[in-house]
Amino acid sequence: MPLPALLLIDMQRGMQMPSLPPRNNPQAEHVIAQLLQVWRARGAPVVHIRHLSRTEGSVFWPGQVGAEFQAELAPFAHEHIVDKHVPDAFVHSNLERWLHVRGISDLVLVGVSTNNSVEATARSAGNLGFATYVVADATFTFAKSDFNGVPRSAEEVHAMALANLQDEYAHVLSSATALQLLAEAAI
């Protein structure tokens with residue numbers, strides 16, 4: 001049985017811009033790097049998902065520094081890269097087919113933003129029948145006002161996004177539990 005795939009979502013330099021609103025989980029990149037190291041050591045599949053904007057002038061416009069992968073999380077030559085233009089990594093990409101061809105049925109999602117690309121991708125993954133896991137301490141988001149104009153902290157936005165996913169589209173877990181999941185799959 002294939003090992004679960006680790007999907008790194010939008011871990012690009014643009015997510016480190018100082019002009020962004022306050023975020024939560026300041027340790028997320030460190031946790032993601034630890035997970036990535038273990039996935040690589042086990043020879044488990046790794047997929048790097050990169051957002052490329054269709055809006056000229058965007059920090060994620062192709063060729064801009066913001067569209068580049070963060071150096072410490074950059075893909076190795078043999079690791080799969082999925083380029084996307086909308087939050088959901090399954091839309092207009094080869095991701096679903098790539099996973100099915102390899103018999104991969106379990107996905108572990110990490111990255112940014114919890115309430116945007118992570119949530120959108122997790123919803124599709126769950127709807128497509130993948131066993132989907134979102135790592136709470138390896139995802140993060142930014143402060144944002146809700147629909148009524150009430151300012152919400154990044155932690156509040158993060159918690160609500162995870163609540164939206166839990167048990168309906170995905171299982172939310174810690175990085176320690178994700179590592180245990182990988183270890184059990186390798187047996």
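Predicted model: local features only at pLDDT ≥ 70, side-chain atom pairs only at ≥ 80, totals over all residues.

Colleague: Noted. Helices, then. At what angle do α1 and α5 pack?

Modeller: About 5°. Their axes are 11 Å apart. Helix α1 covers residues 28-42, and helix α5 covers residues 175-185.

Colleague: So are α1 and α5 roughly parallel or roughly antiparallel?

Modeller: Roughly parallel. The cut-off for that is an angle under 35 degrees, and theirs is about 5°.

Colleague: Which residues make the contact?

Modeller: From α1, Val31, Leu35, Val38, Trp39 and Arg42. From α5, Ser175, Ala178, Leu179, Leu182 and Ala183.

Colleague: And how many of those are nonpolar, polar or charged?

Modeller: Eight are nonpolar, one is polar and one is charged.

Colleague: On to the inside. Which residues of the largest nonpolar core touch the most other members?

Modeller: Leu6, Leu8, Leu35, Trp39, Val108, Val110 and Val135. The core holds 27 residues.

Colleague: Which elements supply at least two residues of this core?

Modeller: Strands β1 (5-9), β4 (106-112) and β5, plus helices α1 and α5. Helix α1 gives the most, with six residues.

Colleague: Take Val108. What does Val108 touch, leaving out residues up to four places away in sequence?

Modeller: Pro4, Ala5, Leu6, Leu7, Trp39, Tyr133, Val135, Ala178 and Leu181.

Colleague: New topic. How many aromatic pairs are there in the whole structure?

Modeller: The search finds two. One of them is formed by Phe140 and Phe142.

Colleague: What is the geometry of the Phe140 and Phe142 pair?

Modeller: Edge-to-face. The rings are 5.9 Å centre to centre, with 80° between the planes.

Colleague: Are Phe140 and Phe142 buried or exposed?

Modeller: Both Phe140 and Phe142 are buried.

Colleague: Last one. Where is Ala131?

Modeller: In strand β5, which covers residues 131-140. Ala131 touches Ser105, Asp106 and Leu107, not counting residues up to four places away in sequence.

Colleague: And why is Ala131 classed as partly exposed?

Modeller: Because its relative accessible area is 25%. Buried would need under 20%, and exposed over 50%.

Colleague: How far apart are the C-alpha atoms of Ala131 and Phe142?

Modeller: They are separated by 27 Å. Along the chain, Ala131 and Phe142 are 11 residues apart.

Technical notes. Residues numbered from 1 in each chain as written. Heavy atoms only, no water. Helix = DSSP H or I, 4+ residues; strand = E, 2+ residues; numbered from the N terminus. Buried < 20%, exposed > 50% of the residue type's maximum accessible area, 1.4 Å probe, protein only. Contact = heavy atoms within 4.5 Å. Axes fitted to C-alpha atoms, helices over the stretch in contact; angles between N-to-C directions. Parallel < 35°, antiparallel > 145°, perpendicular 65-115°, else oblique. Nonpolar A, V, L, I, M, F, W, Y, C, P; charged D, E, K, R; others polar. Core = buried A, V, L, I, M, F, W, Y, C linked by side-chain atoms within 4.5 Å. Phe/Tyr/Trp six-rings, centres within 6.5 Å; stacked < 30°, edge-to-face > 60°.
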